[in-house]
Amino acid sequence: MPSRSLLADAFRAYPVHEQQKNIEFTSLQEIPDSHKWAQLDDESQHPLMDPFITESVPVTNHGIPTSLLESVESASRSLFSLPIQQKLKAGRSPDGVSGYGVARISSFFSKHLWSEGFTIVGSPLEHFRQLWSHDHTKFCDIIEEYKKEMQKLARRLTWLMLGSLGITKKDLKWSGPTGESKKGTAALQLNYYPACPDPDHAMGLAAHTDSTLLTILHQSNTSGLQVLKEGIGWVTVPPIPGGLVVNVGDLLHILSNGLYPSVLHRAVVNRTKHRLSIAFLYGPPSSVPISPLQKLVGPHHPPLYRPITWNEYLGTKAKYFNKALSSMRICAPLNGLVDASDHNRSSRNRSANIHRRYRPRGPRQQGNIHRRSKQMKGGQGASTPWIHVSVQGGLCKILELGGGRKYQVSVTFKFLCKLKRFLASATTCSSTPICATCLVVGARKFLPSMVVGCKH
Ligand SMILES: O=C(O)CCC(=O)C(=O)O
Ligand SMILES: [Fe+2]
């Protein structure tokens with residue numbers, strides 16, 4: 001796999017501070033306090049009705065032979081069913097990236113996760129030799145074959161998704177058809193979720209977004225993956241035999257300037273069945289700066305994020321975890337899209353956080369936001385109001401902040417179109433792109449007569 005050492009270096013630069021001991025889950029009759037989570041706020045577990053809304057997309061007809069999916073699943077099963085002492089021989093070293101261990105995200109939570117993991121960056125040979133002294137080559141071959149096929153699929157999917165936004169290969173310099181180093185880099189994450197005596201109080205993998213362009217996930221036939229769907233809650237993505245799930249990651253979110261929002265997801269556990277998942281984490285070359293594509297930004301769509309390499313983003317993620325994406329914002333969410341991690345807050349908290357977070361902070365951000373604020377006739381700097389619009393099915397929610405007023409209304413989709421047309425023709429704002437104040441002025445013009453419900 002190209003650039004593997006760079007990616008390994010990036011992971012190594014941001015080590016996981018593991019607090020979790022690797023334990024033998026199968027011997028436990030009840031959950032130890034260290035692993036006991038409060039109620040998993042699991043009110044709704046609806047089967048997935050419209051995958052395209054959640055941005056977690058099941059893919060079939062993907063060209064990966066079923067036999068290869070079965071082989072990689074069976075190899076993972078063999079790995080996790082080894083005795084714990086054997087697995088620990090291939091344990092991830094404190095400053096290492098590959099090997100057996102707890103999920104990298106576990107250090108962000110006070111309670112431990114009900115899962116085991118095995119990360120593969122580059123060749124698994126050394127670790128597999130520790131696990132299976134005789135037949136490790138068989139397992140290595142399966143993994144290498146799987147990575148090769150996944151790499152091709154990930155590239156194809158990335159281009160399909162970017163192509164649908166009008167992006168061509170010329171628009172992405174690092175993706176040129178020649179030169180190994182121009183290909184994306186990747187890692188493979190094997191996850192194992194043992195059956196759990198009290199699944200309502202255990203968490204397989206806590207809510208997170210992936211720091212990738214996209215993640216291709218193969219799950220065994222036990223469900224467990226859930227994505228957060230705004231206004232509904234956690235939605236189960238059921239396994240489809242032979243199907244793969246594609247999760248949009250933070251880097252595609254940045255690259256597409258929020259048009260492909262990254263998906264907040266988690267894995268829950270099962271009382272009687274264990275579950276396996278194999279995640280192919282696909283990203284760009286690790287030292288290439290990723291920023292909103294030029295073609296996707298314009299007067300009405302300012303770039304929302306500053307440029308960052310995958311390498312640097314892993315550092316940002318290690319520091320801010322689910323707030324990493326928001327920490328990179330250079331502009332308020334004028335286009336109605338929110339960072340996935342914003343979804344898991346109550347709307348009241350979210351309002352407050354958005355207001356606080358998007359005010360100019362560092363000198364770099366000031367260059368972008370503050371300059372525009374100065375040109376405004378109304379709210380200045382810190383008191384600049386922001387508007388946040390999110391579309392859910394036929395309804396849109398408009399959330400307005402600023403001037404001490406706070407309200408949330410539901411309006412029809414037709415109304416949103418009317419509002420958007422008004423905003424497009426707004427002449428009150430001399431700044432380009434149109435500033436947040438003018439968006440709010442536009443909203444005020446319409447809201448009084450259109451309010452369906454109002455919360456003060
Ligand atoms: O097991 C799953 O379904 C989710 C795995 C995952 O999110 C990950 O490995 O990043
Ligand atoms: Fe994930």
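**Exercise 1. Find which residues come nearest to ligand 1, and state how far the protein covers this ligand.**

Step 1. A residue counts as near if one of its heavy atoms lies within 4 Å of the molecule.

Step 2. Locate the suppliers of the shell. Strand 4 (185–193), strand 5, strand 10 and strand 11 (275–283) each give at least two residues. Strands are DSSP runs of E with at least two residues, helices are runs of H or I with at least four, and both are numbered from the N terminus.

Step 3. List polar contacts, meaning pairs of N or O atoms within 3.5 Å. A polar side-chain atom of Tyr193 is 2.6 Å from an oxygen atom of ligand 1. For a polar side-chain atom of Asn191, the distance to an oxygen atom of the ligand is 3.0 Å. A side-chain N or O atom of Asp210 lies 3.3 Å from an oxygen atom of ligand 1.

Step 4. Check the cover. On its own, ligand 1 has 290 Å² of accessible area, and the protein covers 95% of this. The areas come from the Shrake-Rupley method with a 1.4 Å probe.

Two conventions apply throughout. Residues are numbered from 1 along each chain as its sequence is written, and chains are lettered from A and ligands numbered from 1 in the order in which they are written. Local features of this predicted model need pLDDT of at least 70, side-chain atom pairs need 80 or more, totals for chains, interfaces and linings use all residues, and side-chain values use heavy atoms, without hydrogens and water.

**Exercise 2. Identify the donors of the iron ion (ligand 2) and explain what Asp210 and His265 tie together.**

Step 1. Donors are N, O and S atoms within 2.8 Å of the metal (3.2 Å for Na, K and Ca); water is not among the atoms, so sites may look incomplete. The iron ion is coordinated by His208 (NE2), Asp210 (OD) and His265 (NE2), at 2.1 to 2.2 Å.

Step 2. Read the spacing along the chain: H-x1-D-x54-H.

Step 3. Asp210 sits in the loop between strand 5 and strand 6 (214–219), while His265 belongs to strand 10, so the two join parts that are 55 residues apart in sequence.

Step 4. Asp210 and His265 are both buried.

**Exercise 3. Work out the strand order of the open four-stranded sheet and name its edges.**

Step 1. The order is 5-10-7-8, with antiparallel pairing. Two strands pair if DSSP finds at least two bridges between them.

Step 2. Strand 5 (205–208) and strand 8 (233–236) are the edges, each pairing on one side only.

Step 3. Look inside the sheet. Three bridges link strand 7 (residues 225–229) to strand 10 (residues 265–267) in the antiparallel sense. Val227 stands opposite His265.

**Exercise 4. Find where Asn257 and Phe321 lie, given their positive phi.**

Step 1. Most residues other than glycine have a negative phi.

Step 2. Asn257 has a positive phi of about 55 degrees. Asn257 lies in the loop between helix 7 (250–255) and strand 10. Its relative accessibility is 3%, so Asn257 counts as buried.

Step 3. Phi of Phe321 is near 50 degrees. Phe321 lies in the loop between helix 8 (310–320) and helix 9 (324–327). At 9% relative accessibility, Phe321 counts as buried.

Conventions: Buried means under 20% relative accessible area, exposed over 50%, partly exposed in between (1.4 Å probe, protein chains only). A polar contact is a pair of N or O atoms within 3.5 Å; within protein, one must be able to donate a hydrogen and the other to accept it, and residues adjacent in sequence count only if both atoms are side-chain atoms.
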